[in-house]
Amino acid sequence: MSRIKELQKSLFAGTTSNARQFGMIFTLVAIVLLFQILTDGLTLNSSNLISLVSQYSYILILAIGMLMVIVAGHIDLSVGSIAAFVGIVVARAMQDWSLPWPVAILFGLAVGAAIGVWQGFWVAYIGVPAFIVTLAGMMLFRGGNQFIGSADTIPVPEGFKVIGAGFLPEVGPNTGYNNLTLLLGLLVAVAIVVREWKARRTRREMDADVAPMWISLIRVAVPIAVVLYAAFRFAGGRVGTSFPISGIILGVLVVIYSFITRNTAGGRHIYAVGGNARAAELSGVKLKRVNFLVMMNMSILAALAGMIFVARSAASGPQDGIGWELDAIAAVFIGGAAVSGGLGTISGSIVGGLVMAVLNNGLQLMGVGSDRVQIIKGLVLLLAVALDVYNKNRGRFSVIGSVTRPFRREAPPTGPGSNVETDQEPAKTPVAG
């Protein structure tokens, strides 16, 4: 096999679940570079990158929860309204009750959990389809936002703004860069190396095929180059700015939920329910509990997203949250989730969200009107998913399937001698490599 074919197989068409990030990063980088050329270098400007993360972190947080909802076979149309409702409730609590902002954040998460209990009860225990429950919730909590806020904006205190408009502080010697941001980039680079090293060691211990060292070097070098470049860009912005706190929150959530969906029984149960609810129930999966928890989790994340947006905007208003659910759903589907459920990853959804964010940001930098931006985004979503489905059905190369395969579990063979791959998440621990 030639090195080119070996590289293609290892990075795009392999059957293992090792984090072959090259394909995923290449797709996003290609889009970024396209807009970097079309915008005369504005896309990768430090100020624009910082603004990009600040502006879209709450949508990516929503995409994490939406991924789990869609994988379980549901849809949630209420997340934007829930985010707006919690935002106005928290802002009103801090203004009228003089609630300290750390307590207000916990209060907002509790409100989100209560809403999730309400919607999860109807979906899981009464059996009302999630589409109907969340459609009702979208109207209910949108009206609640306008009622509590009297259709007016409510400012929030300075301390609260840190979760949406704060940045990593300046510490250490004056290097011309934000030292904590550089340190963060270095830690991520080290984590990439350690992950690849552990993956190779695990495959050796299991007597499985180990990719050639030069392929591992590519899988490590490419993401590290991207991470370090981004770190210097974020660290080199104007004085007082660096990597946003909202981006830190997003990163922590990605790590936690990636672990939950890939390495815990609860995460595997979500995929089992979405793949075949009846079979999962017969296998001992508590169907009602899973449906209840994914709906409640979505509302908690929506509450967090709403508070981050309000903190960044410095006030809560009646127009908050409009259309957020559509952006979150688009991110999940562009990231490779199946409409029927049972398939999708946190990493894929984040990349899907970044694709939409960069597309939106790049078109705005080019001076494209908001009306045409919406048209283009809609066409990109439709064409990307339609083309991928078409290619999958005809057995051809699938872009989404290829770039998200490294982050999916591979099911074991379905029969003696079978080497057929499956898109379902299995219940066994993946073999890294």
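Trainee: Is helix 3 mostly buried or exposed?

Mentor: Buried: 23 of the 26 residues of helix 3 are buried, so the rest of the structure largely encloses this helix. Buried means under 20% relative accessible area, exposed means over 50%, and partly exposed is in between, with a 1.4 Å probe and protein chains only. Helices here are DSSP runs of H or I with at least four residues, strands are E runs of at least two, and both are numbered from the N terminus. This is a predicted model, in which local features need pLDDT of at least 70 and side-chain atom pairs count only at pLDDT 80 or more, while totals for chains, interfaces and linings use all residues. Residues are numbered from 1 along each chain as its sequence is written, and side-chain values use heavy atoms, with hydrogens and water left out.

Trainee: Where does helix 3 bend?

Mentor: At tyrosine 56, by about 45°. The bend at a residue is the angle between axes fitted to the seven residues ending there and the seven starting there.

Trainee: What sits at the two ends of helix 3?

Mentor: At the start, a side-chain oxygen of asparagine 45 comes to within 2.9 Å of the backbone nitrogen of serine 47. After the helix comes glycine 73, with a positive phi near 95°.

Trainee: What about helix 4, buried or exposed?

Mentor: Helix 4 has 15 of its 18 residues buried, so it is largely enclosed by the rest of the structure. Its residues, 79–96, should span 26 Å at 1.5 Å a residue, and the end C-alpha atoms are 25 Å apart, which agrees. Serine 98 follows helix 4 and has a positive phi, near 55°.

Trainee: Which other residues have a positive phi without being glycine?

Mentor: Alanine 151 has one, about 55°, and aspartate 207 has one near 55°. Most residues other than glycine have a negative phi. Alanine 151 is in the loop between helix 6 (130–149) and strand 1 (154–155), and it counts as exposed at 54% relative accessibility. Aspartate 207 is in the loop between helix 8 (179–205) and helix 9 (213–235), exposed with a relative accessible area of 72%.

Trainee: Switching topic, which residues touch the most others in the largest nonpolar core?

Mentor: That core has 71 residues, and Ile61, Leu62, Ile64, Met66, Leu67, Val86 and Phe160 touch the most other members. Helix 13 (residues 287–313) gives the largest share of this core, 15 residues. Apart from it lies another core of 21 residues, among them Leu44, Leu49, Phe243 and Val351. A nonpolar core is a set of buried Ala, Val, Leu, Ile, Met, Phe, Trp, Tyr and Cys residues joined through side-chain atoms within 4.5 Å.

Trainee: Where is asparagine 276?

Mentor: In the loop between helix 11 (265–275) and helix 12 (277–282). Asparagine 276 is partly exposed, with a relative accessible area of 40%. Its C-alpha atom is 9.9 Å from that of serine 340, 64 residues apart along the chain.

Trainee: What does UniProt annotate as "transmembrane region"?

Mentor: The unreviewed entry gives that annotation to several stretches, including residues 58–91 and 292–311. UniProt positions are in the numbering used here, feature names are shortened, and annotations may be inferred rather than shown by experiment. In the model, residues 292–311 are 100% helix and 0% strand, with end C-alpha atoms 29 Å apart. Residues 58–91 are 79% helix and 0% strand, with their end C-alpha atoms 17 Å apart.

Technical notes. Expected span 1.5 Å × (residues − 1). Polar contact = N/O pair within 3.5 Å; in protein donor to acceptor, adjacent residues only side chain to side chain.
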